[in-house]
Amino acid sequence: MANKQVSPRQQKPLRSSQTSIARHAGAPVEMVESSEWDLLKTSPTIQSQSQLLGNPALSPIQRQALASQLGHLSGNRHLQRVLAHSHEMAKPDAQPGIQREDDEETASPTAVAESEEEHGHSHGDGVEPDVIPQTEGGAGKKDYLETTVALKVLEDSFGKYKKMIQGTVSILGQADFQAAYDKIYGETQYSWEKYIKVKFGNLGGFAYKGVNYVNTAIASSTTVPHEMLHNNAHSSWAGFVGSEMNEGVTEYLTFEALKAAKHTGMTSKYPEQYGVITALVAVMGDEPLKEAYFKGSNEDLRKAFNQKCRGAWVDFKKKMDEKNWTQAKALALPITK
Amino acid sequence: MGDNREARYKAVAAEMLSGLNDHDSAEGLEHIKVLVDRWYDHAGDINPDDLFRIGLSDLKEAVANVSGAKRVQALAELALERTVETLSSQAFRLAQGVIDETTSAQSVQGEASAIADKIDALLPRVKLLHDVALKERLLRELADADLECRYIKEGDSSIMSIRLNQYSDR
């Protein structure tokens with residue numbers, strides 16, 4: 001069992017805006033050899049830092065932690081340049097000896113920016129946010145979208161509401177995901193082999209100490225932008241609408257962005273929630289949802305619902321939380337005169 | 001018809017089960033009861049005719065292009081989906097109370113264990129589903145619910161479902 005730390009029960013949980021590098025990368029950072037970090041921080045060029053990060057002897061978690069420290073030391077822009085260089089080097093026509101990003105053993109870390117609220121400044125003021133790297137291992141098994149692509153897709157569609165950020169989700173390939181799970185439970189009755197594999201076969205995601213871990217082996221093209229969108233929701237959104245509506249609107253926005261980017265063949269992982277939101281949008285449009293989702297205009301959403309739909313907002317939210325899609329849809333029917 | 005369940009069951013059965021033999025019809029009717037009950041239970045003052053129209057429309061869409069005995073199987077899968085969702089919702093609500101500290105983990109451990117037992121009982125049926133997407137979705141629901149039960153039972157060092165983390169992070 002992992003060391004006991006301050007829990008949500010003992011302390012008011014950290015808001016996403018307070019999610020820190022220590023929380024996210026606490027375990028991985030401990031695994032980085034100080035000599036590797038010393039080498040990295042004293043490397044003079046982007047190229048040399050890129051090569052150090054691409055060292056195949058490093059595990060993905062070690063690489064993730066190293067990149068995290070580099071981002072913390074040198075800033076997001078610098079880390080992105082290093083990563084971009086790593087990415088270029090990882091292409092098939094790049095120099096021999098550098099494996100592709102989708103090779104699980106040498107996956108390039110990907111920068112993940114914390115939300116602007118975490119630092120109390122906007123992205124428009126020229127100050128780059130700190131970064132948290134994440135590892136994308138085990139790709140090639142599913143057609144999930146790379147974080148850089150997903151970020152652009154979201155920025156193109158919703159950049160007018162807020163500057164899109166990648167956030168703190170840790171997106172891992174199957175092996176890394178299992179390792180992250182077993183780092184907590186490997187020696188217990190809940191170990192991957194004894195519990196998850198036997199009971200569920202696999203696991204799509206879990207959260208630990210405030211960090212969400214997502215398994216790319218169960219991911220689709222919607223997974224990464226969907227999870228990224230969660231990180232772009234206003235801090236008041238999830239609490240205001242509840243879990244199911246949150247998933248439904250996030251899925252709705254994910255599909256809108258992917259369709260706008262000409263992606264096809266998406267299948268929803270939340271079809272029932274998505275169905276209710278589509279019905280709601282047919283009645284009141286999607287602008288109140290977007291304004292609330294990205295900007296926190298929750299009261300306007302509540303008013304729009306109460307003015308245009310047959311039911312009361314509070315009942316609709318309750319039915320969504322209960323996963324009673326039929327009753328939620330009935331409450332979202334338009335008012336008839 | 002109001003919330004006259006028997007009349008509603010019959011009306012849905014007439015739409016869904018016509019042409020099936022007695023055995024399949026009887027089995028199909030049991031699944032329909034589960035689905036229709038979900039439309040009407042705790043519906044308060046929601047217009048029952050709206051519920052019927054929406055419920056039936058969604059049902060027809062879900063079993064479109066499926067006929068004969070396969071329609072009974074499709075109804076069984078939908079009923080299973082509703083059962084899983086109800087259980088998942090119960091687990092989440094229970095864990096939310098613990099996060100909010102409106103209830104103590106200790107006081108709901110029995111309830112969490114009962115939900116965990118129901119999860120174990122449902123898993124074999126879910127694993128037999130032919131619809132891969134549905135199976136994946138229901139396994140996710142059950143795994144989330146299981147993580148929430150574990151969180152309640154095992155205490156503070158436990159992992160939790162992503163949805164519960166998002167809730168605690170709100």
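**Chain B and its helix H2**

Me: What share of contacts in chain B between residues at least 6 apart in sequence join residues at least 24 apart?
Reply: The share is 63%. A contact here needs two C-beta atoms within 7 Å. The model is predicted.

Me: What makes up chain B, helices or strands?
Reply: Chain B has seven helices and zero strands. From the N terminus on, the order reads α-α-α-α-α-α-α. The C-alpha trace spans about 55 × 40 × 25 Å along its principal axes.

Me: How many of the residues in chain B are buried?
Reply: Of the 170 residues, 41% are buried. To count as buried, a residue needs 20 or more other C-beta atoms within 10 Å of its own.

Me: How does the reach of helix H2 of chain B compare with the span expected at 1.5 Å a residue?
Reply: H2(B) covers residues 22-40, which is 19 residues. The expected span is 1.5 Å times one less than that number of residues.

Me: Which residues of H2(B) are buried?
Reply: They are Gly28(B), His31(B), Ile32(B), Leu35(B), Val36(B), Arg38(B) and Trp39(B).

Me: Why do the buried residues of H2(B) line one face of the helix?
Reply: Look down the axis of H2(B): the buried residues fall within an arc of 140 degrees, so they line one face. An α-helix has 3.6 residues a turn, so residues three or four places apart point the same way.

Me: What is exposed on the other side of H2(B)?
Reply: Asp22(B), His23(B) and Ala26(B) are exposed there.

Me: What do the buried residues of H2(B) pack against?
Reply: In chain B they pack against H1 (5-16), H3 (48-62) and H4 (69-100). They also pack against helix H16 (325-331) of chain A.

Me: What follows H2(B)?
Reply: His42(B) does, and its phi is positive, near 55 degrees.

Me: Which domains does the assignment give for chain B?
Reply: It gives domain 1 (1-62) and domain 2 (69-170). Their centres, taken over C-alpha atoms, are 25 Å apart. Their contact takes eleven residues from domain 1 and ten residues from domain 2.

Me: What gives the most to the side of domain 1 of chain B that touches domain 2 of chain B?
Reply: H2(B) does, with eight residues. The residues of this side of domain 1 divide into six nonpolar, two polar and three charged.

Note on methods: Residues numbered from 1 in each chain as written. Chains lettered and ligands numbered in written order. Predicted model: local features only at pLDDT ≥ 70, side-chain atom pairs only at ≥ 80, totals over all residues. Helix = DSSP H or I, 4+ residues; strand = E, 2+ residues; numbered from the N terminus. Buried ≥ 20, exposed ≤ 12 C-beta atoms within 10 Å, placed from the backbone. Arc of directions from axis to C-beta. Domains from an automatic or database assignment. Nonpolar A, V, L, I, M, F, W, Y, C, P; charged D, E, K, R; others polar.
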